[in-house]
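Hi,

Here is the structure I promised to pass on. Have a look at it first, and then read my notes below.

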Amino acid sequence: MKWLLIQLLTSCEECVDVCPVEVFEMEDGKSVPVNAEECMGCESCVEVCEENAIVIEED
Ligand code: SF4
């Protein structure tokens, strides 16, 4: 199953810390989904994001 990850870049590092498969990395002070294909749809990043910047949808 594939997941579509939509992220509006933020400077918060919560998603970087919480993702179990290291989808996000910080680049130039913003979190970036560099390994989006590894996403398993757990929505942990959605739950910790205070800016509601991440949306996970089934592809
Ligand atoms: S849904 Fe889970 S696996 Fe996918 S990016 Fe967020 S924390 Fe990582």
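Asn-35 sits in the loop between E3 and H2, where E stands for a strand (a DSSP run of at least two residues) and H for a helix (a DSSP run, H or I, of at least four), numbered from the N terminus. Asn-35 counts as partly exposed because it has 14 C-beta neighbours inside 10 Å; a residue is buried with 20 or more other C-beta atoms within 10 Å of its own, exposed with 12 or fewer, and partly exposed in between, with C-beta atoms placed from the backbone. Leaving out residues up to four places away in sequence, Asn-35 touches Val-21, Glu-22 and Val-23, where a contact means that the C-beta atoms, placed from the backbone, lie within 7 Å. Val-23 is 12 residues away from Asn-35 along the chain, yet their C-alpha atoms are separated by 4.4 Å.

Before you go further, keep in mind that this is a predicted model: local features need pLDDT of at least 70, side-chain atom pairs count only at pLDDT 80 or more, and totals for chains, interfaces and linings use all residues. Residues are numbered from 1 along each chain as its sequence is written.

Now the overall layout. The protein chain has two helices and four strands, and along the sequence they come in the pattern β-α-β-β-α-β. Its radius of gyration is 10 Å, close to the 10 Å that the globule rule gives for 59 residues, so the chain is as compact as a globular protein of that length. (That radius is taken over C-alpha atoms, and the globule rule is 2.2 Å times the number of residues to the power 0.38.) If you draw a box along the principal axes, the C-alpha atoms fill roughly 30 × 20 × 15 Å. Buried residues make up 17% of the 59 residues. Of the contacts between residues at least 6 apart in sequence, 49% join residues at least 24 apart.

Which residues make up the largest nonpolar core? There are nine: Leu-5, Cys-15, Cys-19, Val-23, Phe-24, Cys-39, Cys-45, Cys-49 and Ile-54. A nonpolar core here is a set of buried Ala, Val, Leu, Ile, Met, Phe, Trp, Tyr and Cys residues joined through C-beta atoms within 7 Å.

You'll find Cys-15 in helix H1, and it counts as buried because it has 24 C-beta neighbours inside 10 Å. Leaving aside neighbours within four places in sequence, Cys-15 is in contact with Phe-24, Ser-31, Cys-45, Val-48, Cys-49 and Ile-54. Cys-15 and Ile-54 are 39 residues apart along the chain, with 9.1 Å between their C-alpha atoms. Ile-54 in turn, with the neighbours within four places left out, has contacts with Leu-5, Gln-7, Cys-15, Cys-45, Val-46 and Cys-49.

Leu-8 is in the loop between strand E1 (3–7) and helix H1 (14–18), and is exposed because 11 other C-beta atoms lie within 10 Å. The C-alpha atoms of Leu-8 and Ile-54 are separated by 6.6 Å, although the two are 46 residues apart along the chain.

Next, the ligand. Which residues come nearest to the ligand? Of the 13 around it, Cys-19, Val-23, Cys-39, Cys-42 and Cys-45 do; a residue is near if its C-beta atom, placed from the backbone, lies within 6 Å. By class, that shell has 10 nonpolar, two polar and one charged residues. Ala, Val, Leu, Ile, Met, Phe, Trp, Tyr, Cys and Pro count as nonpolar, Asp, Glu, Lys and Arg as charged, and the others, Gly among them, as polar.

On to the strands. E2 (residues 24–27) and E3 run antiparallel and are joined by four bridges; two strands pair if DSSP finds at least two bridges between them. Met-26 stands opposite Ser-31 in E3. The hairpin of E2 and E3 has two residues between the strands, and in it Asp-28 takes a positive phi near 50 degrees.

Two other backbone angles are worth a look. Glu-22, in the loop between H1 and E2, has a positive phi of about 55 degrees although it is not a glycine. Glu-43, in the loop between E3 and H2, is not a glycine either, and its phi is positive at about 65 degrees. Glu-22 is exposed because it has 10 other C-beta atoms within 10 Å, whereas Glu-43 is partly exposed because it has 14 C-beta neighbours inside 10 Å.

Happy exploring!

How values were computed
Two residues are in contact if their C-beta atoms, placed from the backbone, lie within 7 Å.
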